[in-house]
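Could you walk me through this structure, starting with its ligands and ending with the fold of the first chain written? Here is a friendly tour.

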Amino acid sequence: MTMRRVISALVHDRPGVLNRVASMFRRRGFNIASLAVGHSERPEFSRMTIVVDNVPESALWQVTSQLWNVVDVVEVMDITDEDYVARETALIKVRATQESRGHIVEILDLFRGAEVVSVSPSTVILEITGPTEQVESLLALLEPFGIIELMRTGLVALTKDEQVPQDGEFRAPALVGARPNRV
Amino acid sequence: MSGRMLAGGEFVCESLQAEGVDLVFGVPGGAILPLYDHILKYPSIHHVLTRHEQGAAHAADGYARATGKVGVCIATSGPGAINLAVGLGTSFMDSTPIVAITGQVTRPAIGKDAFQETDVTGVTIPVTKHNYLVLSAEDIPRVMKEAFHIARSARPGPVLVDLPRDVLQEIAEFTGYPETVDDLPGFRPITHPDPVQVEAAAEMINAAKKPVILAGRGVLVAQAEKELQELAEKAQIPVIPTLLGIGSFPGNHYLYVSLMGMHGSAFANLVVDECDLLVNVGSRFDDRIIGRVADFAPNAKIVHLNIDRSAIHQNVFADAPVIGDAKNSLNALLPQVEKQARTEWLSRVDDLRREHPLVVRDFAGKPSTQYVIKRIHELTNGQAFIVTGVGQHQMWAAQHYVTDRPNSFITSGGLGTMGYEVPAAMGAQMGMPNEQVWSICGDAGFQMTLQELATIRDENAPVKFAIMNNFHHGMVRQWQTLFYDKRYSQINTTGPDFVKLAEAYGMLGIRVEDIKDVDSAIKRAQDHNGPVIIDFLVEIDELVYPMIPAGQSVNEMVEDPWTQQQPLGTVAR
Ligand SMILES: Cc1cc2nc3c(=O)[nH]c(=O)nc-3n(C[C@H](O)[C@H](O)[C@H](O)COP(=O)(O)OP(=O)(O)OC[C@H]3O[C@@H](n4cnc5c(N)ncnc54)[C@H](O)[C@@H]3O)c2cc1C
Ligand SMILES: Cc1ncc(C[n+]2csc(CCOP(=O)(O)OP(=O)(O)O)c2C)c(N)n1
Ligand SMILES: [Mg+2]
């Protein structure tokens, strides 16, 4: 059984850090579905939200512990099973004629956090911010109009936990009970 | 605090001096020249000019493994730096602390495809624990302090420091070498185990009827040999070393088993097959140990003591992980582990020992590699420092050079780097000048790095090289014999006349073609006050047994057909 995991990491804001993190994922054969990185609450550190796809149960511990071993990485928390909020933003350029533009706006009104951000004679650019499922259902509805370009930020997430994570924080799902095949 | 105005190159030398480094291995070149200019002023740092950067990296590794200290190697930018890479990979796999210092093109030239520019920090990410590109001279002491700290802490490994030429030339105020590492919030080695984990592990050990310990390199790193022995004796648990854990438990102890795994003894593999608990102390469960995971120790629960949390559950699921330094973890376990006799289990282990001996095959005329190694073992009383290459001779050395000395068996395990045997032996010898160092070489591996013989001559490092000359990539030949119907492809490695080669390098050269001359050659080498090369012309058709083919289990283990016909009780150990 494989699964999708959401990992939050605090990393040094230094040249090459992204390379080190990406290199570890590639080399260990983990599949990054999305990676978002930006400034964090601390000036010299960035926060990353990494969504990893197709993680076999046996590798749950590997993903987090290998990431934790990267010297520039300060905190690693697999928050998938915690209470957390997650959002992504998408900018969607859709073909829009005079006739179809009204339909597109109607669809947009069905979604929270969605709006038109730019209009041209033959296209509109829409923005939506929300959970992944919401972004995907909007995309499905827009598909018939013709999506010309799409830019998604990838997921950004924060746990709702009130405790302040410490330097060196490590949270991974506990593995309990021996696996019959031992890994 | 005001300090002296120094150049970046001097910052490096000051840092090395403050770390107590007295031996470094390297090769100069354009980008690193400012450092080489300053190193002349630091006579306490002895620089060994190797003939190839690979040699510098392996020498630093051999030095580090023999002494337990951090090894240091130096290279220039571009080709020099990437020549280090195989050495870094070797150290990385085998948990060896190394600081590699490389020159880089000047800061303004970086990214311009400048002469001898290579993105060295980029190239070495997968073979280092961490690396640095230093962009100001002032930063050098902090970076060096961190580099040494990271290299030796947690699971040891190589750290590379890349220094642009103009940073080495930059004049700045040197205010001293930092005493503490203050700015590494992302590097928090777990030194002390969680008591909850310790308790769970102790319970499992106490409940076990047929436990066995697998002792890895982590025991040597933690210097926990005494604690390991206490645990084994208190709970009466037999001990199996990994290839890199040889010497972590005395080979002459009644609880000592012998190597397990692909080329471990049948006896050890059968013990693991029957055990109901396997206590891994400081090993990462390499696939050459476990074979097919589903069939590995099928009846056993697993206790895993390791300082690296990523080693836990990596290859084998641990029922009771204990994350921490092996010494601390063993000390925490000891009071909770019950004294037990386990007589039934130990007598079963002894039966297996008798039924599956490791016997040295005798040949008339030409000696076998096993025989030569056995004689070296006996004539050095098992007290020499052994460095090996990779291949058949390596496996026989591991099987037959049984020792009770920590850190005295030095071999490339995880990467299996041929050519390691020559420079690493030099490094080990220079780190342990009062020990006898024997390098058990393959004829092919020896030819990969033999240029370091000149360095060895210059340094007068009295290494005894014993080339197990089968004129072949013996281990490749073995696989082609067993798995490719003897379709031999590209395995003839006939070299030069090694005796003349020895003479060309100003060393004593001896050739042995007959079994009756083995002893006298070894003794002559021991008596000779300087480096020696013995060219042992050994049996070619000898295969390493037992063998568990890659990815298979003890059920598919092949024992030596010859050994099985021998009378019981002839145990070579
Ligand atoms: C041709 C060939 C055949 C081989 N066949 C075999 C074989 O049959 N049997 C065999 O055993 N090997 C064999 N090997 C070697 C094998 O590939 C591995 O290199 C070896 O098994 C690794 O041993 P290790 O886990 O003890 O050491 P390492 O790979 O160095 O791992 C050390 C472990 O200890 C941990 N550690 C480090 N410091 C501490 C500390 N202070 N406290 C606690 N833990 C610590 C580390 O985190 C790491 O997990 C073979 C190699 C070759 C080239
Ligand atoms: C650098 C490198 N290249 C190739 C190999 C693959 N390899 C493993 S053992 C071996 C043959 C080793 O021959 P030799 O050094 O003569 O030792 P022998 O097996 O004959 O004792 C080869 C080619 C390797 N381990 N390292
Ligand atoms: Mg050979």
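**Ligand 1 and its surroundings**

In chain B, a polar backbone atom of L243(B) sits 3.1 Å from an oxygen atom of ligand 1, a polar contact being a pair of N or O atoms within 3.5 Å, where pairs within protein also need one atom able to donate a hydrogen and the other able to accept it, and residues adjacent in sequence count only if both atoms are side-chain atoms. On its own, ligand 1 exposes 990 Å², and the protein buries 98% of that (Shrake-Rupley accessible areas, 1.4 Å probe; for residues, only the protein chains shown count as cover).

Before going on, please keep in mind that this is a predicted model, in which local features need pLDDT of at least 70 and side-chain atom pairs count only at pLDDT 80 or more, while totals for chains, interfaces and linings use all residues. Residues are numbered from 1 along each chain as its sequence is written, chains are lettered from A and ligands numbered from 1 in the order in which they are written, and side-chain values use heavy atoms, with hydrogens and water left out.

Who else is around ligand 1? There are 37 surrounding residues, the closest being S95(B), T242(B), R284(B), N306(B) and D325(B) (near means that a heavy atom of the residue lies within 4 Å). They divide into 13 nonpolar, 16 polar and 8 charged (nonpolar: Ala, Val, Leu, Ile, Met, Phe, Trp, Tyr, Cys and Pro; charged: Asp, Glu, Lys and Arg; polar: the others, Gly among them). Helix α10(B) gives the most to this shell, with 4 residues (helices are DSSP runs of H or I with at least four residues, strands are E runs with at least two, and both are numbered from the N terminus).

Helix α17 of chain B supplies at least two residues to the shell around ligand 1, and at least two to the shell around ligand 2 as well. The latter shell has 17 residues, with Q392(B), H393(B), G416(B), D443(B) and G474(B) the closest.

Because D443(B) lies in helix α19 of chain B and N470(B) in the loop between β17 and α21 of chain B, the pair ties together parts that are 27 residues apart in sequence. D443(B) and N470(B) are both buried (under 20% relative accessible area with a 1.4 Å probe and protein chains only; exposed is over 50%, partly exposed in between).

Finally, turn to chain A, which has 4 helices and 10 strands. Of its 183 residues, 45% count as buried. Chain A exposes about 9400 Å², with carbon and sulfur atoms supplying 52% of it.
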